Amino acid sequence: MTSATSTKGGHDPAHQQPIYVYEAPVRIWHWTHGITFFVMCITGYFIGAPMDSVPGEASDQFLMGNIRLIHFIAAYAFTIGVLVRVYWAIVGNHYARELYFLPLWDMTWWRGFFHEIRFYLFMTREMHKYPGHNPLAQTAMFLFNGLGAFFMIATGFALYGEGLGQGSWADVMFGWIIPLIGDSEAVHNWHNLGMWVILSTIIVHMYMAIRADIMSRQTSISTIISGWRMFKDDLP
Ligand code: HEM
Ligand code: HEM
C-alpha cells in the first residue's frame, strides 16, 4: 500500500506514514475471539443462573443441555483461536507479541505507562502516538485478555473434565486444578467471576476503541479491521 501522506505546508511525512500493525491472523482472531467470548458469556450466565422452569412438556425439553452444548462448541473455537494466536505471537510481526509480552525492563515503556495514567487522570493533555498498543492498554490486554483467556480455558476444561469423567483427557490435563483451587464449586465460582472481570474490561475496551477513533491522534477501529495504523497529524 502506498502512503497517504502530504508534503504540503512543511509537513513531515515521516510522522504520517501508515504502519501495517495487525496482520490478517490477528484481525481474524480478534473478531472470532470477541464473538465466541460473547456466546460463552450468554450461555455461561444461564449455566450459572438457570431459569426456574421451562414451559411445555418436560420430555420435549433439552434447553440446559443445548445451552451447555453451545457453550462447549464456542469453548473449543475460543481455545483453538487462542492457540493459533499464541503461535502467531511467535511467528508474527513485532506487534503480534504485545498481547503476551510486557517489556518490563524498558524505561521508555514505563515512562509511557505513567504518562497514560497521568493522561487519564486529567493531569496532562498531551496525547502520545503509538503504532501498537500504548503501554497502559497493553498491560490491560495482557492481564485480562492474554492471561484472562488462559484462566478461563484452564478452569473451563477442569469443569468439563468432571462431565467427561475420571481418566478423560480433560480430567488428566486440567483435573488437578480443582483440588488446587479447592473443590468443584470453588472452580465454578472462579470461572464465573473470571467472566465478569473480563466482561467489565471489554466494555471499557469497546468504549476506549470508539473514543480513540474519534478523539486520539491516530486510527483505532479501522486499524483492527484493515491492519493499517494511520496518523491524523504530522507532529512526532
Ligand atoms: C465491537 C466490539 C469491539 C471493538 C470495536 C474492538 C476494537 C478493538 C480495537 C480498535 C483494537 C486495537 C487496539 C489498538 O489499536 O491498540 C482491539 C484490540 C483488541 N481487542 Fe477488541 N474490540 C471489540 C471487541 C473485543 C472483544 C469482545 C474482545 C475480547 C473478548 C476483544 C479483545 C481484543 C484484544 C485481545 C485486542 C488486542 C489485539 C492484539 O494485540 O492481539 N475486543 N479491539
Ligand atoms: C471466556 C470464556 C468463557 C466464559 C465467559 C465462560 C463463562 C461461564 C460461566 C459464567 C459459567 C457458569 C459458572 C457457574 O456455575 O457459576 C460457565 C460454566 C462452565 N463453563 Fe465456561 N466460560 C468460558 C470458557 C469456557 C471454556 C474454554 C470451557 C471449556 C470447555 C468452559 C466450560 C465450562 C463448563 C464445563 C461449565 C460448567 C457447566 C455446568 O456445570 O453445567 N467454559 N462458563
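User: What makes Phe157, Ala158, Tyr160, Phe174, Ile178 and Val187 the largest nonpolar core?

Analyst: In this predicted model, these 6 residues make up that core. The term covers buried Ala, Val, Leu, Ile, Met, Phe, Trp, Tyr and Cys residues joined through C-beta atoms within 7 Å; buried means that 20 or more other C-beta atoms, placed from the backbone, lie within 10 Å of a residue's own. Helix 4 provides the largest share, 3 residues; helices are DSSP runs (H or I, at least four residues), numbered from the N terminus.

User: Which residues does Val187 contact, leaving aside neighbours within four places in sequence?

Analyst: Happy to list them: Thr155, Ala158, Leu159, Ile177, Ile178 and Ile181. Contact means that the two C-beta atoms lie within 7 Å.

User: How do you know which residues surround ligand 2?

Analyst: A residue is near a molecule if its C-beta atom, placed from the backbone, lies within 6 Å of it, and 24 residues surround ligand 2, with Gly44, Gly48, Ala75, Gly156 and Met195 among the closest. Helix 1 gives the most to this shell, 7 residues.

User: What surrounds ligand 1?

Analyst: There are 19 residues, the closest being Gly34, Phe37, Asn145, Ala209 and Ile224. Helix 1 gives the most, 5 residues.

Residues are numbered from 1 along each chain as written, with chains lettered from A and ligands numbered from 1 in written order. Local features need pLDDT of at least 70, and side-chain atom pairs count only at pLDDT 80 or more, while totals for chains, interfaces and linings use all residues.

Notes: Helix = DSSP H or I, 4+ residues; strand = E, 2+ residues; numbered from the N terminus. Buried ≥ 20, exposed ≤ 12 C-beta atoms within 10 Å, placed from the backbone.
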